[in-house]
Amino acid sequence: MMLTAVGNVIDMLLRRQETITSDDVKALLKRANINISDTDLVKILITLEIYKKIYVKKVKKEGRDVFQISRRR
């Protein structure tokens, strides 16, 4: 269920922008009252990347890991 919810949020955000961050995804999930840990989000992002839905790149932002997400072409 979480995979579908996060996948739908990512798909909706990527329609508006070319790239998004994991912070954008977490913020939208939080507004929808869906609490997800960073570990679970990373697992879901990796799963979606394996299924070739998205491309994920890890970047450092203020000393912490943030994931940059873009659509596969």
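The questions and answers below treat the fold, the core and selected residues of a predicted model.

Residues are numbered from 1 along each chain as its sequence is written, and side-chain values use heavy atoms, with hydrogens and water left out. Because the model is predicted, local features need pLDDT of at least 70 and side-chain atom pairs count only at pLDDT 80 or more, while totals for chains, interfaces and linings use all residues.

Q: In what order do the elements of the chain run from the N terminus on?
A: Helices (H or I, at least four residues) and strands (E, at least two) are DSSP runs, numbered from the N terminus. The chain holds 3 helices and 3 strands. Read from the N terminus on, these elements run α-β-α-α-β-β.

Q: What is the radius of gyration of the chain?
A: The elements of the chain run α-β-α-α-β-β. The radius of gyration is taken over C-alpha atoms, and the globule rule is 2.2 Å times the number of residues to the power 0.38. For 73 residues that rule gives 11 Å, and the chain comes close to this value, so it is as compact as a globular protein of that length, with a radius of gyration of 11 Å.

Q: Which residues does leucine 45 touch beyond four places in sequence?
A: Contact means heavy atoms within 4.5 Å, and leucine 45 is among the residues with the most contacts inside the largest nonpolar core. Not counting residues up to four places away in sequence, leucine 45 touches Ile10, Ser22, Ile54, Val56, Phe67 and Ile69.

Q: Is serine 22 buried or exposed, and what is its relative accessible area?
A: Serine 22 lies in helix α2. Leaving aside neighbours within four places in sequence, serine 22 is in contact with Leu41, Leu45, Val66, Phe67 and Ile69. Serine 22 is buried, with a relative accessible area of 6%.

Q: Which residues does serine 70 touch beyond four places in sequence?
A: Serine 70 lies in strand β3 (residues 64–71), and at 17% relative accessibility serine 70 counts as buried. Not counting residues up to four places away in sequence, the residues that serine 70 touches are Leu14, Glu18, Thr19, Ile54 and Tyr55.

Q: What is the phi of lysine 52?
A: Most residues other than glycine have a negative phi. Lysine 52 lies in the loop between α3 and β2 and is exposed, with a relative accessible area of 60%. Although lysine 52 is not a glycine, its phi is positive, at about 60°.

Q: What is the phi of glutamate 62?
A: The place of glutamate 62 is in the loop between β2 and β3, where glutamate 62 is exposed, with a relative accessible area of 74%. Glutamate 62 is not a glycine, yet it has a positive phi of about 55°.

Q: How many Å separate the C-alpha atoms of threonine 47 and leucine 3?
A: Threonine 47 has its place in helix α3, and at 26% relative accessibility threonine 47 counts as partly exposed. Threonine 47 and leucine 3 are 44 residues apart along the chain, and their C-alpha atoms are separated by 8.4 Å.

Q: How many Å apart in space are aspartate 24 and leucine 48, C-alpha to C-alpha?
A: Aspartate 24 lies in helix α2 and is partly exposed, with a relative accessible area of 32%. Aspartate 24 and leucine 48 are 24 residues apart in sequence, and their distance in space, C-alpha to C-alpha, is 16 Å.

Terms used. Buried means under 20% relative accessible area, exposed over 50%, partly exposed in between (1.4 Å probe, protein chains only). A nonpolar core is a set of buried Ala, Val, Leu, Ile, Met, Phe, Trp, Tyr and Cys residues joined through side-chain atoms within 4.5 Å.
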